[in-house]
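Please look over the sequence and the structure below before reading on. The text that follows goes through them step by step.

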Amino acid sequence: MYEAIREDAHVLYGFATKKEREMFQLLITVSGVGTNTARMMLSSMNVGELCNAISTGNAKLIQSIKGIGKMTAQRVIVDLKDKIVALGITSEIPAGGSIQTPVDNAVRDEAVAALTMLGFSPAPTQKVVIAILQQQPSLPVEQVVKQALKQIK
């Protein structure tokens, strides 16, 4: 639990895990990220994915979250990159995470852009595309998009 006390309200935030609460508390220390923005970030990505995006400097993935602009994404990366390692939050990253299995960033970005142009949300689309590329890293963009469309529906 996290209690936010303001002049006009007392708000309680609940979390499924201790790591989520720790990440929430780190996020609200960043200038420009309030409790609602931090909640939105944790709703869009799990702790492991968010840590991965921060540690690899993937501002585009962070920007894909509703309400996060370019400057805020860069500020989150700069402010939290060292802190997430120091607090050990990165242990939440799953064994098959994209830190251990590199994917072709050009293919990933192009596939996500194509699916976004078709009207799909960037963050969930990115997850599906990364999963496909981890299983079959040599696929061309067209095949990745085709498989992603099958999985998203």
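Predicted model: local features only at pLDDT ≥ 70, side-chain atom pairs only at ≥ 80, totals over all residues.

The protein has eight helices and two strands. The protein has 153 residues, of which 36% count as buried. Among contacts with a separation of 6 or more, 53% are between residues 24 or more positions apart.

The aromatic rings come next. How many aromatic pairs does the structure hold? There are two. A pair of aromatic rings is described by the distance of the centres and the angle of the planes. For Tyr13 and Phe24 the centres are 5.3 Å apart and the planes stand at 40 degrees, a tilted pair. Tyr13 belongs to strand S2, residues 10-13, and Phe24 to helix H1, residues 18-27. The two residues are eleven positions apart, and their pairing links distant parts of the chain. Are these two residues buried or exposed? Tyr13 is buried, at a relative accessible area of 9%, and Phe24 is buried too, at 0%. Phe24 also pairs with Phe15: the ring centres are 4.9 Å apart and the planes are at 50 degrees, so this pair is tilted. The cut-offs behind that word are that planes under 30 degrees apart count as stacked and those over 60 as edge-to-face, with the rest called tilted. Phe15 is partly exposed, with a relative accessible area of 22%. Through these ring pairs, Tyr13, Phe15 and Phe24 are linked into a cluster.

Helix H1 also holds Arg21. Arg21 is partly exposed, with a relative accessible area of 28%. Which residues does Arg21 touch, not counting those up to four places away in sequence? They are Met1 and Phe15, and Phe15 is also a member of the ring cluster. Met1 lies 20 residues from Arg21 along the chain, and the C-alpha atoms of the two are separated by 7.2 Å.

A search of the whole structure finds two salt bridges. One of them joins Lys127 and Glu49, with the closest N and O atoms 3.5 Å apart. Lys127 sits in helix H7 and Glu49 in helix H3, residues 47-55, so the bridge ties together parts that are 78 residues apart in sequence. Both ends are partly exposed: the relative accessible area is 37% for Lys127 and 23% for Glu49. In the other salt bridge, Arg108 is paired with Asp109, and the closest N and O atoms are 2.9 Å apart. Arg108 is buried, with a relative accessible area of 10%, whereas Asp109 is partly exposed at 34%.

H6 supplies the largest share, five residues. By class, the lining has four nonpolar, four polar and three charged residues.

The last stop is Ile132, in helix H7. Ile132 counts as buried, at 1% relative accessibility. Leaving aside neighbours within four places in sequence, the contacts of Ile132 are Leu139, Val144, Gln147, Ala148 and Gln151. Ile132 can also be placed relative to Arg108: the two are 24 residues apart in sequence, with a C-alpha to C-alpha distance of 9.6 Å. Helix H7 therefore holds both Lys127, with its bridge to helix H3, and the buried residue Ile132.

Key
Residues numbered from 1 in each chain as written. Heavy atoms only, no water. Helix = DSSP H or I, 4+ residues; strand = E, 2+ residues; numbered from the N terminus. Nonpolar A, V, L, I, M, F, W, Y, C, P; charged D, E, K, R; others polar. Salt bridge = Lys/Arg side-chain N within 4 Å of Asp/Glu carboxyl O. Buried < 20%, exposed > 50% of the residue type's maximum accessible area, 1.4 Å probe, protein only. Phe/Tyr/Trp six-rings, centres within 6.5 Å; stacked < 30°, edge-to-face > 60°. Contact = heavy atoms within 4.5 Å.
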